[in-house]
Amino acid sequence: MQRDPQFGGTYQALRQRILSDGAIPAKYKLLMGMVTDTIAAHPDGVRSLADNARAAGASEAEITEAVELAYLYGGTAALVMGVNAFPAG
């Protein structure tokens, strides 16, 4: 946003449109993003997307199953990264 406010605004608007409820509910879109970030080893993204999915109505069971799905496709490294989806403690 600082370097190119026009681009930043366009990106934010597109992101908002894509992640809103549509044929696929927002919580599932956020869980898909969380799985992607889990496999790609982006811990901050996993945490943020899990929190946003919760805010959109995802249950802890849905988040847990999404981490398990990431493990199925991404292996042990994704399972370790999936820990970031849950609060510490």
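Trainee: Where is A85 found?

Mentor: A85 is found in the segment after helix 4. Before we go on, keep in mind that this is a predicted model.

Trainee: What makes A85 count as buried?

Mentor: The cut-off for buried is under 20% relative accessible area. A85 has a relative accessibility of 1%, so A85 counts as buried.

Trainee: Which residues is A85 in contact with, leaving aside its neighbours within four places in sequence?

Mentor: Those residues are M34, V46, A50, R54, I63 and V67.

Trainee: Let me step back to the whole chain. How many helices and strands does the chain have?

Mentor: The chain has four helices and zero strands. Read from the N terminus, the elements run α-α-α-α. The C-alpha trace spans about 40 × 30 × 25 Å along its principal axes, and buried residues make up 29% of the 89 residues.

Trainee: What does UniProt place at residues 5–80?

Mentor: An unreviewed UniProt entry places the feature "domain: Carboxymuconolactone decarboxylase-like" there. Over residues 5–80 the model is 83% helix and 0% strand, with the end C-alpha atoms 36 Å apart.

Trainee: How do you know that helix 4 has a kink?

Mentor: Start with the span. A straight helix of 23 residues would span 33 Å at 1.5 Å a residue, but helix 4, residues 60–82, spans only 13 Å between its end C-alpha atoms. The bend itself is the angle between axes fitted to the seven residues ending at a position and the seven starting there. In helix 4 there is a kink of about 145 degrees, centred on G74.

Trainee: How does helix 2 do when its reach is set against the expected value?

Mentor: Helix 2 has 14 residues and reaches 20 Å from its first C-alpha to its last. That is close to the 20 Å expected at 1.5 Å a residue.

Trainee: What makes K27 a buried residue?

Mentor: K27 sits in helix 2. Buried means under 20% relative accessible area; K27 has 18%, and therefore K27 is buried. Not counting residues up to four places away in sequence, K27 touches A53, A56, G57, A58 and E62.

Trainee: Which other residues of helix 2 are buried, and what covers them?

Mentor: Among them are A26, K29, L30, L31, M34, V35, D37 and T38. What covers the buried residues of helix 2 includes helix 1 (5–19), helix 3 and helix 4.

Trainee: And which residues of helix 4 are buried?

Mentor: They are I63, A66, V67, A70, A78, M81 and G82. These buried residues pack against helix 2 (26–39) and helix 3 (43–55).

Trainee: Which members of the largest nonpolar core touch the most other members?

Mentor: Of the 16 residues in that core, L31, M34, I63 and A85 touch the most other members. Helix 2, helix 3 and helix 4 each supply at least two residues of this core, and the largest share, six residues, comes from helix 4. As for M34, leaving aside its neighbours within four places in sequence, M34 is in contact with V46, L49, A50, I63, A66, V67 and A85.

Trainee: Why is A41 called partly exposed?

Mentor: A41 has 41% relative accessibility, so A41 counts as partly exposed. A41 is found in the loop between helix 2 and helix 3. Its phi is near 65 degrees, a positive value in a residue other than glycine.

Trainee: Why does F86 fall into the partly exposed class?

Mentor: The reasoning runs the same way: the class lies between 20% and 50%, and F86 has a relative accessible area of 30%, so F86 is partly exposed. F86 is placed in the segment after helix 4. Not counting residues up to four places away in sequence, F86 touches R54, E60, I63, T64 and V67.

Trainee: How much of the contacts in the chain with a separation of 6 or more do residues 24 or more positions apart account for?

Mentor: Residues 24 or more positions apart account for 53% of those contacts.

Definitions and conventions. Residues are numbered from 1 along each chain as its sequence is written. This is a predicted model: local features need pLDDT of at least 70, side-chain atom pairs count only at pLDDT 80 or more; totals for chains, interfaces and linings use all residues. Side-chain values use heavy atoms; hydrogens and water are left out. UniProt positions are given in the numbering used here, feature names are shortened, and annotations may be inferred rather than shown by experiment. The expected span of a helix is 1.5 Å times one less than its number of residues. Buried means under 20% relative accessible area, exposed over 50%, partly exposed in between (1.4 Å probe, protein chains only). Contact means heavy atoms within 4.5 Å. A nonpolar core is a set of buried Ala, Val, Leu, Ile, Met, Phe, Trp, Tyr and Cys residues joined through side-chain atoms within 4.5 Å.
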